[in-house]
Amino acid sequence: MSKSSRDQSINSEPHLQSGGWKKDPSERDAEVKVDRETVQENVDDRVHHSVWNEPGVSPVLSGSPPEDALTFANWLEERRSQTGFLDSWALVFCWAFVAGPLAILGTLLGALTNFTFLIPLQIVLIGPIAEELMKIAIPLWVVERRPYLFRSRFQIFICALAGGVAFAAVENVMYLGAATLDWTNPLTRWRWTICVALHTFCCLISALGLARIWKKTMDGKTAPIIQHGVPYFTTAIVVHGTYNAFAMAFEWFYQPF
């Protein structure tokens with residue numbers, strides 16, 4: 001090790017050495033990679049980390065951004081003007097239809113834990129969290145990344161409720177099997193009434209949170225803040241977990257449920 005490499009003073013800084021300062025080759029590689037990613041990235045993704053959306057960029061300190069600056073407000077207005085009424089509704093119905101396959105995935109995710117000692121935790125906590133988030137996965141992504149695709153809060157409720165109903169239907173078929181349509185079976189009647197109502201109601205609560213996020217975004221022309229919906233998502237999870245705890249206790253102390 002040379003003497004200069006052990007010298008921690010300012011005199012040992014690279015740009016003060018004889019022969020001038022040379023850029024580290026890895027910096028050139030990083031620059032090329034960043035440039036390539038910038039070119040490939042579309043504006044819908046780039047706007048979410050535009051410098052003009054930084055909290056520290058205050059108009060008072062830095063002045064107003066140029067008219068063509070990539071701000072969230074400019075992007076939102078442009079994309080909203082490009083999205084037609086029929087286009088928006090067509091997408092909403094597609095998302096409602098896709099909620100079925102996602103509901104299947106959510107059911108499988110909720111059943112991953114098979115360890116006996118974790119079953120109560122799975123039923124009361126892990127399952128409700130995975131299921132409630134999966135049921136609103138599509139509208140949550142749209143609200144966060146492409147809010148202009150929704151024209152009204154009513155569309156958000158349609159997507160969320162479709163996810164809840166589809167999830168309940170898939171879950172009933174998986175749990176009931178051959179007794180899926182046997183209305184003489186008390187469990188069949190219970191699952192197609194109470195359980196469907198539960199999943200739908202929980203999605204309604206979550207939809208209130210999604211609608212709140214979307215409304216604040218559209219009114220303020222600011223990037224979505226997911227925290228605005230967290231209290232509603234948490235409430236839906238708690239309601240679902242409470243019901244599951246009741247069902248588990250009922251099965252343990254009364255009869256198979």
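A search of the whole structure, a predicted model, finds seven aromatic pairs, where rings of Phe, Tyr and Trp (its six-membered ring) pair if their centres lie within 6.5 Å. Local features need pLDDT of at least 70 and side-chain atom pairs count only at pLDDT 80 or more, whereas totals for chains, interfaces and linings use all residues. Residues are numbered from 1 along each chain as its sequence is written, and side-chain values use heavy atoms, with hydrogens and water left out.

Tryptophan 89 and phenylalanine 93 form a tilted pair, at 5.7 Å centre to centre and 35° between the planes; planes under 30 degrees apart count as stacked, over 60 as edge-to-face and the rest as tilted. Both residues lie in helix H6 (residues 85-110), four residues apart, about one turn of the helix. Phenylalanine 93 counts as exposed because its relative accessibility is 52% (exposed means over 50% relative accessible area, buried under 20%, partly exposed in between, with a 1.4 Å probe and protein chains only). Phe85, Trp89, Phe93 and Phe154 form one aromatic cluster.

An edge-to-face pair is formed by tryptophan 95 and phenylalanine 150, with 5.5 Å between centres and 70° between planes. Tryptophan 95 lies in H6 and phenylalanine 150 in the loop between H8 and helix H9 (153-176), so the pair ties together parts that are 55 residues apart in sequence. Both tryptophan 95 and phenylalanine 150 are buried.

Helix H8 (residues 137-145) packs with helix H10 (residues 186-220) at an angle of about 15°, their axes 10 Å apart. H8 is therefore roughly parallel to H10 (angles under 35 degrees). Pro139, Leu140 and Val143 of H8 and Leu210, Ile213 and Trp214 of H10 make the contact (heavy atoms within 4.5 Å).

Notes: Axes are lines fitted to C-alpha atoms, for helices over the stretch in contact, and angles run from 0 to 180 degrees between N-to-C directions. Helices (H or I, at least four residues) and strands (E, at least two) are DSSP runs, numbered from the N terminus. Angles under 35 degrees count as roughly parallel, over 145 as roughly antiparallel, 65 to 115 as roughly perpendicular and the rest as oblique.
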